[in-house]
Amino acid sequence: MTTRTPKRVDVAGLVIAAGLLILAGLIWRDMTSLQLSSVYGVGPKAMPIVVAIGLAILAIGNAFMAVRGGLPSRESLRWMPITLIIGGLAGLIALIQFGGGFIPATAVLFVATSAAFGRRAFLVDLIIGLVAGLVIYLLFSKLLTLSLPMGPLERLI
Amino acid sequence: MDAFFALAHGLTVAIQPMNLLFALIGVLLGTAVGVLPGIGPALTVALLLPITFKLDPGGSIIMFAGIYYGGMYGGSTTAILINTPGESASMATALEGNKMAKAGRGGPALATSAIGSFVAGTIATLGLAFLAPTLVELAVKFGPEDYFALMCVAFVTVSATFGDSPVRGLTSLFIGLALGLVGIDKLTGQSRMTFGVPELLDGVEVTTLAVGLFAVGEALYVASRRHIQEEVLEPVRGSLWMTKEDWKRSWKPWIRGTLFGFPIGALPAGGAEIPTFLSYSTEKRLTKYPEEFGHGAIEGVAGPEAANNASAAGTLVPLLALGLPTSATAAMMLAGFQQYGLNPGPLLFAERPELVWGLIASLFIANAMLLVLNLPLVGLWVRLLAIPQPWLYAGILVFATMGTIAAKPSVVELTMLGVFGVMGFLMRRFDYPIAPVVVGLILGPIAESQLRRALSISLGDPLVLVQSPISATLLAIALIALVLPFALKGMSRFKAEED
């Protein structure tokens, strides 16, 4: 069983509830911009209305849980690894966006993730990442003819 | 009798050399990926989907059969050897199996799980072969309103009835439904929730969601709490083989596990957790060696493993016959079908029987292959388990992003992968179930179009939903299943106040 401390407001839980309410609001606002079509039955607005109302009710339910301390207890967490992984993903996206190509982008993600899991041998990991990227690239773009993003390195192959 | 002929025909499809090869590749890949710690069968299928993009549908669906069963088997190996079940359905296996491995009986634990999976898989696949056509005959009579009601049942059972907290489960489901809104409305051509981003017009890709939630989310979660506990890999010591005593203690739990697993899996009741835990507690009650439970009782591995596999075959019944996925893994299988424009259901049985029956027959073959391959190859799988964690997760993320770009070469898709990853991390941290999101995304749009079809046939009369007896019954079931957990919770509150 989760140990719970009763009667303590869980701030994170309230933030989740607020997030759900915002999502409901977004769906509602998006729905109002739709035109009703003249076909029989329900139009494209019905489902967004149902989902938005459902989310709003669930936001209340979640807020209720947060106030009553119904959320599970959580262990401490480290932000460094999370930052590293998300940073690695951002690096990969940036490299692909600006034409760096698949292989270097893969290597960046590989190094960042393995650093997030505590490795400090950046150069070794960079080489492993490059080789892994190269193997995947060859396997998938040559053998399975899938199109992967090209950069200067990929055009040489 | 028809099922026999159809199955025999399916076997002739499945034993073509090319298809045998596909099944073999699927089994090997499925086990290899499924064995990696933290990767459950749903993620195994999601990660391996891109490999089959360019293959022909028949071959790749047979490959999926292998991946599905292989991933299940790989997951139990991990549960036994390092006590990190990739999914809650392997939790019962980890309970006793890991204790057996610690006591130097890892070999028999792996063996009873492999043979039990084979026995359960074979019986349950036979069940699938006979039950699915019956269900198809019934489903032919279903109108759109009945399908809509059926999906309501699936929504409720997957998210509310069998989870820890109905509010959290429904929250996950509605997030999935909200994601399902994104894209062009098929009936009127208007775009919804796209916010002017052209890449969103096609909607949210199921694989991107699943890979983000499961792979990226899991990596973030494990990395953030790596300082709390280290995983310990138990070496397989001693004989791999089961003694006569082990056999004697295993065969009944196999059968009982199958009897729990298949029917519960075939009902739209979501996942294999309930049958595995039912099987575990039954074996605990029936065993002649109750003192061994908690310290490595072989019945506690044999029963839940059989239940797990039988329910995996069971979930294929609603998936193939009705197009209704009731677990995250089944949702990924459905995504696999959809990438070829194939929609499982009565129509697929009628139009592409060779495909459906080829798949069912391939399940038998994949099952037999797993039995023959896995015990001899267990040394190889153990070596995969020993991959250092940093490289393992780095590799998983590289593969995950590769699959995403291969499916849709756009930066928007990768950003969505990252966003879903953070979402998956938060959901793990705050204990929201993940499967309902995937099921909501995939079933939401289908349920909507069935409802709109039903209402346009009835000229807008909503009473059509309760005038059809099938639909009225199903909606009543959905309503009961929705209210029941709240009512029970209210009752247990009184109990909690007593002590």
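Reply: Let's start with helix H4 of chain A: 15 of its 15 residues are buried, so the rest of the structure largely encloses this helix. (A residue is buried if 20 or more other C-beta atoms, placed from the backbone, lie within 10 Å of its own, exposed if 12 or fewer, and partly exposed in between.) Keep in mind that this is a predicted model, in which local features need pLDDT of at least 70, side-chain atom pairs count only at pLDDT 80 or more, and totals for chains, interfaces and linings use all residues. Residues are numbered from 1 along each chain as its sequence is written, while chains are lettered from A and ligands numbered from 1 in the order in which they are written.

H4(A) covers residues 102-116 and reaches 21 Å from its first C-alpha to its last, close to the 21 Å expected (1.5 Å times one less than the number of residues). Helices here are DSSP runs of H or I, at least four residues, numbered from the N terminus. After H4(A) comes A:Gly118, with a positive phi near 100°.

Chain A has two domains, domain 1 (11-67) and domain 2 (79-156), with bounds from an automatic or database assignment. Their centres, taken over C-alpha atoms, are 38 Å apart. How confident is the predictor in chain A? The mean pLDDT (confidence in each residue, from 0 to 100) is 85, and 90% of the residues of chain A reach 70 or more.

Now for the partner chain. The contact between the chains takes 56 residues from chain A and 51 residues from chain B; two residues are in contact if their C-beta atoms, placed from the backbone, lie within 7 Å. H17(B) gives the largest share of chain B's side, twelve residues.

The largest nonpolar core has 214 residues, and B:Ala210 and B:Val438 touch the most other members. Beyond neighbours within four places in sequence, B:Val438 has contacts including B:Gly176, B:Leu209 and B:Ala210.

Finally, B:Pro445 sits in helix H19 of chain B. B:Pro445 counts as buried because it has 20 C-beta neighbours inside 10 Å.

Note on methods
Helices (H or I, at least four residues) and strands (E, at least two) are DSSP runs, numbered from the N terminus. A nonpolar core is a set of buried Ala, Val, Leu, Ile, Met, Phe, Trp, Tyr and Cys residues joined through C-beta atoms within 7 Å.
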